[in-house]
Amino acid sequence: MITMTAPRTEWIKTEELTFDQEEVKKVLESLDKNQEFTVEQLLYYPYYFFEYKLERRSLLQPKGGGSVGCAMDAVNKVGSVIDKSPVFTEKEVPSQQMIPVELEETEAKKLAVDFLNHSITYRMKILAPPQMKLTRSEIFYRPYWVAEGTKAAPDGYTLIVDAISGKYHPL
């Protein structure tokens, strides 16, 4: 007797899709009229989200206070400043749709602090960054569509499309 096991799933924090696969296909085909696309696979890419409260150090540093967020890529160790706190929902996702995390949370926190210190001093034109107190820390997965171009190139080509922003990148 052969027993079939269901694919393993995990509950993750993610953002709601802005673009479904039909919208992605339609937009890509409108941008490249000589190409047909198939959009069948949704992948979830891991990021750490850290939010910090900024505290003013002294009168010489008037631009303190407020908060700042950082998304740290949990694979490539690249940070980005987040202007608005993301809203996450919990979703059950097949494990094979998730890109594996390669960055430990403790290292991600250190990289985020270094990245934010550099970004804040550069943007605010100050000598030393304000003190930061961690107020929120979590891992989340951003959804991306994999789109395959099937014509106009000898072997076709592949794009990855951000399912939240609609931005796309060749693979």
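Reply: Two residues are in contact when heavy atoms of theirs lie within 4.5 Å of each other. The model is predicted, so local features are given only at pLDDT of at least 70 and side-chain atom pairs only at 80 or more, while totals for chains, interfaces and linings take in all residues. Numbering starts from 1 along each chain as its sequence is written, and side-chain values rest on heavy atoms, without hydrogens or water.

The chain contains two helices and eight strands (DSSP runs of H or I over at least four residues, or of E over at least two, numbered from the N terminus). Their order from the N terminus is β-α-β-β-β-β-α-β-β-β. Of the contacts with a separation of 6 or more, 72% join residues 24 or more positions apart. Among the 171 residues of the chain, 37% are buried (under 20% relative accessible area with a 1.4 Å probe and protein chains only; over 50% is exposed, and partly exposed is in between).

The largest nonpolar core holds 15 residues, and L28, Y44, W145 and A147 have the most contacts inside it. Such a core is a set of buried Ala, Val, Leu, Ile, Met, Phe, Trp, Tyr and Cys residues joined through side-chain atoms within 4.5 Å. Two or more of the core residues come from each of α1 (21-31), β2, β6 and β7. The greatest share is that of β2, with four residues. Beyond its neighbours within four places in sequence, A147 touches L28, F37, T38, V39, Y157, T158, L159 and V161. There is also a second, separate core of 13 residues, with F50, L54, C70 and I120 among them.

A163 lies in the loop between β7 and β8 (168-170), and it counts as buried because its relative accessibility is 0%.

A pocket is an open set of points on a 1 Å grid over the protein atoms alone, where a 1.4 Å probe fits and protein lies on both sides within 12 Å along at least five of seven lines; lining residues have an atom within 4 Å of a point. The elements with two or more residues in this lining are β2 (37-55) and β7 (157-162), and β2 gives the most, with four.

In the largest pocket, 18 residues form the lining, and Y47, A71, S80, I82 and R142 are nearest its centre. At least two lining residues come from each of β3 (67-73), β4 (79-82) and β6 (131-149).

The loop between β3 and β4 holds K77. This residue is not a glycine, yet its phi is positive, at about 60 degrees. Whereas A163 is buried, K77 counts as partly exposed because its relative accessible area is 43%.
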